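Hello,

The structure is handed over below, and the notes on it follow. Please read them with the structure open.

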Amino acid sequence: MTDPRPGSWWRDAVIYQVYPRSFADSDGDGVGDIDGIRARLGHLSALGVDAIWMSPWYPSPMADAGYDVADFRDIDPAFGTLAKAEALIAEAHAAGIRTIVDIVPNHVSSEHVWFKKALADPRAPERELFWFHPGRGENGDEMPTDWVGEFGGTTWTRTTNPDGTPGDWYLHLFTPEQPDLNWDHPRVRAEFEDILRFWFDRGVDGIRIDSAALLFKDRALPPVVEGERHPFHDLDEVHEVYRAWRRVSEGYPDRALIGEVWMPEVERFANYLRPDELHAAFNFDFLGCAWDAALMRACIDRTLDAHRAVGAPATWVLSNHDVTRHVTRYGRTTTTFSFENNLDGTPVDLELGTRRARAAALLSLSLPGATYVYQGEELGLWENENIPVERMQDPMYARRGHSRDGCRVPLPWSGDEPPFGFSTTQPWLPQPPEWKDRTVQAQTGDPSSMLELYRSAIAARKAEPGLHGPDFAWLDAGAGVLAYRRGPQFACVLNLSPEAVELPAHQSVLLPSSQLEGTLLPPDSAVWLRLAT
Ligand code: GLC
């Protein structure tokens with residue numbers, strides 16, 4: 001593969017998240033698979049993305065949609081085989097697309113061989129690789145802590161001794177099927193460094209690191225107390241692990257480590273991006289930001305300042321497989337996102353959400369750094385809020401009353417009714433019939449479609465020198481409007497006010513997100529401009 005910018009592709013790449021279960025199904029079982037991705041690489045080439053990140057595809061009992069990994073060195077039969085994964089990596093490279101795999105270091109599946117051994121025999125050495133602990137209370141029948149899990153719910157499950165008596169408890173920050181690993185143990189560290197090499201040796205260009213800030217736990221198991229050091233969020237020891245991972249990655253050319261770091265304190269977040277740690281991390285501050293000019297501007301400034309301080313590229317993320325799709329978020333009265341504030345079922349204006357999502361695409365594709373596109377956002381898909389409870393699969397639903405299934409619905413490719421070319425049978429989650437207008441087929445060649453907007457924007461981004469450096473300056477555009485310059489000749493203007501606004505002086509219009517009214521930019525719209533020099 002020829003790369004015009006060797007050595008730093010991850011700094012300004014457009015990275016597309018493939019959710020394998022829901023991308024394309026090649027064998028007619030209703031679940032997407034690797035051959036489905038291979039067959040649809042043409043869509044990704046036409047879109048123009050630089051890289052794809054695959055959510056976990058390893059053998060898994062699927063208690064958490066594959067984030068419960070039983071074996072990091074193989075592929076779940078539902079998705080294919082290791083040989084097929086290798087073929088995909090090679091075919092993507094041949095098409096000029098890099099690949100990123102998802103590694104989950106905080107926990108494994110309860111079906112992982114280590115945990116099975118640990119559970120079978122309390123004296124097994126594998127016991128030390130997890131967090132087994134006696135219970136509190138006279139008979140040890142109270143959990144060791146009252147920690148609340150990351151999905152809500154409790155964090156300990158009691159084991160049964162081989163003689164049938166109640167035994168120790170084990171820790172799981174997510175579901176009981178996801179026991180937490182003990183990162184104080186050298187075997188755990190060595191294992192994951194080896195897993196990284198396993199995938200780097202197979203040619204993958206990057207690793208997405210799941211729940212990257214949770215690895216270490218305070219051995220004293222203190223309670224969570226507001227204002228005090230958290231017992232399992234962002235413990236300082238984690239940085240030593242990522243320094244070691246960085247050394248592993250530097251044994252290969254051009255490999256990137258990208259962290260999933262949910263962290264309200266931006267300085268603590270930036271610690272993960274110091275020059276000897278991760279290359280990049282997802283910007284959830286931006287994802288959760290309200291559709292509001294002042295808040296958006298403050299978020300962008302905060303992001304750029306924090307990344308500049310450590311020399312890391314910012315990332316711009318609007319959606320992923322965990323959060324409500326942004327067409328839906330931006331169509332609500334409350335446009336923020338947080339797991340704590342469940343807005344499911346509140347009124348949504350999809351037309352408004354779509355209009356804003358188009359503008360947000362031009363924003364996220366023109367800020368300095370890398371941009372992430374979650375599969376289906378290029379089609380303008382909205383959250384399916386009508387999945388019957390009995391078809392929901394997400395373990396979060398039972399704990400929080402919010403299901404992430406609504407953003408994980410299989411893609412519509414073609415045709416007038418479900419399964420829209422995704423499969424030949426009923427998909428694992430139902431697709432809204434209204435998506436007949438959102439298929440790849442229906443949108444291709446329609447200049448007003450979301451898909452053509454993404455294709456044009458990504459192509460224009462590639463060709464635009466101003467979008468590939470760190471240069472960024474705000475332009476004065478009045479209240480409710482964000483405007484910035486990238487390089488001497490490129491500007492983006494985003495109107496978040498309720499009135500149409502006059503465009504700043506420019507030489508030509510490169511790309512608008514909605515129809516301009518003469519030289520006026522309508523509300524909830526963005527435009528890319530060529531400036532006069
Ligand atoms: C991350 C993943 C999410 C998963 C969780 C536990 O947040 O993105 O989907 O449920 O980690 O692995």
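Salt bridges and a domain interface

Arg332 counts as buried, at 6% relative accessibility (buried is under 20% relative accessible area, exposed over 50%, partly exposed in between, with a 1.4 Å probe and protein chains only). This is a predicted model, in which local features need pLDDT of at least 70 and side-chain atom pairs count only at pLDDT 80 or more, while totals for chains, interfaces and linings use all residues. Residues are numbered from 1 along each chain as its sequence is written, and side-chain values use heavy atoms, with hydrogens and water left out.

Glu385 is partly exposed, at 31%. The side chains of Arg332 and Glu385 meet in a salt bridge, 3.1 Å from N to O (a side-chain nitrogen of Lys or Arg within 4 Å of a carboxyl oxygen of Asp or Glu). Arg332 sits in the loop between helices H10 and H11, and Glu385 in the loop between strand E11 and helix H12, 53 residues apart (helices, H or I of at least four residues, and strands, E of at least two, are DSSP runs numbered from the N terminus).

By this rule there are 35 salt bridges. Another joins Arg208 and Asp102, with the closest N and O atoms 3.0 Å apart. Arg208 belongs to strand E7 and Asp102 to strand E3, so the pair ties together parts 106 residues apart in sequence. Arg208 is buried at 2%, and Asp102 is buried at 0%. Asp64, Asp322, Asp394, Arg404 and Arg408 are linked in a salt-bridge network.

The protein is divided into domain 1 (9–105 + 186–453), domain 2 (113–171) and domain 3 (471–530), with bounds from an automatic or database domain assignment. In domain 1, 20 residues are in contact with 22 residues of domain 3 (heavy atoms within 4.5 Å). Between them these two domains bury about 1,800 Å², 67% of it on carbon and sulfur atoms (the accessible area, 1.4 Å probe, that two parts lose on being put together, summed over both).

How many salt bridges are there between domain 1 and domain 3? The count is one. Arg356 and Asp524 form a salt bridge at 2.9 Å, N to O. On the side of domain 1 that touches domain 3, the elements giving two or more residues are H9 and H11. H11 gives the most, with seven residues.

Regards
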